[in-house]
Amino acid sequence: MIRRSGIYAVLAVFVSLSAPAMAESLETVDQWIAEALDSNATLSAQRAAIEAARAEVEGSDAWADPVVKYGIAPETLEGPNVVGHRFEVSQKLPWPDQLSASRGAEEAGVRAATQDTLWQTRKLTASVKEAYARLWYSHRAIELHHETRALVEQLAEITRQRLEYGEATQSELFRVETELDTLDAQLVELQADQARLSANLIPLLGRRPQPSELMLSLPPRMPMAADSLTGTEHPLVQAAEARTAEARARLDVAEANRRPVFTANAGYNSLWADESKRWMVGVGIQIPFTGQRQNSAVRRATAEVSQRQWQTTQAHRDLRASIGDVKAAIQAGYSRLEILDERHLPNQRAHWEASLNELASGTGALEDAIDSARKLTGVKLTRETVIRDLFSARARYEALQTTQATGLSN
């Protein structure tokens, strides 16, 4: 009789899960997010852009600097008479709505930069979660590959036993050993892919994480908001609307620039013999000669307003389309997971057990058992793929919501 104690011991390989790492060594996705938000160069540059925009607001409604002119008559310096000199101060007088429009444009620029930063933060958070899921998946793929090898190794042991009893051929043993060699070669590729993936995370985290220190669980099945609830309050749309408001304010400034520019003047001229004529005040006016430059600026500003309005409309459409796409992916992912858990995985597990028993009893084919072992771990890997994709899709869905969700960590 063929020894069967080892046959049933292998069944525990695919039923049991690998023991979790120590809690102290686990890296959570929240830790990754904190590191990325703190060290990401693009996000830091965006924050600096907000400060620059705020600085522009401070002087946006200030009056133009006054102009002071001073002159002296050199011939009077050595003469017996009083030194002749004159000075003049002039100040441009802005239109009140011109200053308010200028300030409104800069304030809208601050709002746009702020919303851009919020949107970049959300996208970065989603990217970190997706990267975390990919690296976790690479580690699980290697673990399941080891599991596949353990199953095939069990087939090799059964084949050796059957060969001793004359129930198997030498070619069957070579076949199963060749399969082990193939699995070892595939493991090298999986480990290389994992190393590359880990190295590619250096720009994101500033370091190279260890895949074995990650843990990912199935995200909970949460109700998703209706499309109508997500729209104008999202940072992507709000940033576009702020740029539209900025363009409208620029148009108001351009319209105000069509008007005449008034200047108030005051001065003193000591060269006048009559002291009553030495002090003077006046008003200057600058009238556009042809108005072409001002009209061109208005047309350009009007076109920019139209451009920003269309961009806002497109941003809202893109947002709704992205939400619909992610929702479909999430719903399909949970449906696939139900099929895997309720039917596919149990059926494939039963197929493997049957193939193993048939091979041990001499009624089954080695190729069928090898194929069953590969398919069993393949189904498990498919399940891990669905979990990875669900985790990534939930991260993208949270970024697209009006209010950033804090759940779905690890």
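Reader: What pattern does the protein follow when read along the sequence?

Author: Helices (H or I, at least four residues) and strands (E, at least two) are DSSP runs, numbered from the N terminus. Here the pattern is α-α-α-α-β-β-α-α-α-α-β-β-α-α, with 10 helices and four strands in the protein. This is a predicted model, in which local features need pLDDT of at least 70 and side-chain atom pairs count only at pLDDT 80 or more, while totals for chains, interfaces and linings use all residues. Residues are numbered from 1 along each chain as its sequence is written, and side-chain values use heavy atoms, with hydrogens and water left out.

Reader: How many of the 410 residues, as a percentage, count as buried?

Author: Buried means under 20% relative accessible area, exposed over 50%, and partly exposed in between (1.4 Å probe, protein chains only). Of the 410 residues of the protein, 39% are buried by this rule.

Reader: Which residues have the most contacts inside the largest nonpolar core?

Author: A nonpolar core is a set of buried Ala, Val, Leu, Ile, Met, Phe, Trp, Tyr and Cys residues joined through side-chain atoms within 4.5 Å. The largest one has 57 residues, and those with the most contacts inside it are W32, L155, V176 and L204. At least two residues of this core come from each of α3 (29-39), α5 (96-164), α6 (170-199), α7 (202-205), α9 (292-361) and α10 (366-400). A second, separate core of six residues includes A247, L251, A254 and V305.

Reader: Which residues does L204 touch?

Author: Contact means heavy atoms within 4.5 Å. Leaving aside residues up to four places away in sequence, L204 touches A36, S39, L124, V128 and A131.

Reader: What span does helix α8 reach?

Author: The expected span of a helix is 1.5 Å times one less than its number of residues. Helix α8 (residues 235-256) has 22 residues and reaches 31 Å from its first C-alpha to its last, close to the expected 32 Å. Its buried residues, including A247, L251 and A254, pack against α5 and α9.

Reader: Which residues make the nonpolar surface patch?

Author: Like charges are joined within 9 Å, and nonpolar side chains (Val, Leu, Ile, Met, Phe, Trp, Tyr) within 5 Å. Accessible areas come from the Shrake-Rupley method with a 1.4 Å probe; for residues, only the protein chains shown count as cover. V68, Y70, I72, L77, F87, V89 and W279 make a patch of about 740 Å². Strand β1 gives the most to this patch, with three residues.

Reader: Is Y70 buried or exposed?

Author: Y70, in strand β1, is exposed, because its relative accessible area is 56%.

How values were computed:
Patches are made of residues with over 30% relative accessible area and no salt bridge: like charges are joined within 9 Å, nonpolar side chains (Val, Leu, Ile, Met, Phe, Trp, Tyr) within 5 Å. A salt bridge is a side-chain nitrogen of Lys or Arg within 4 Å of a carboxyl oxygen of Asp or Glu.
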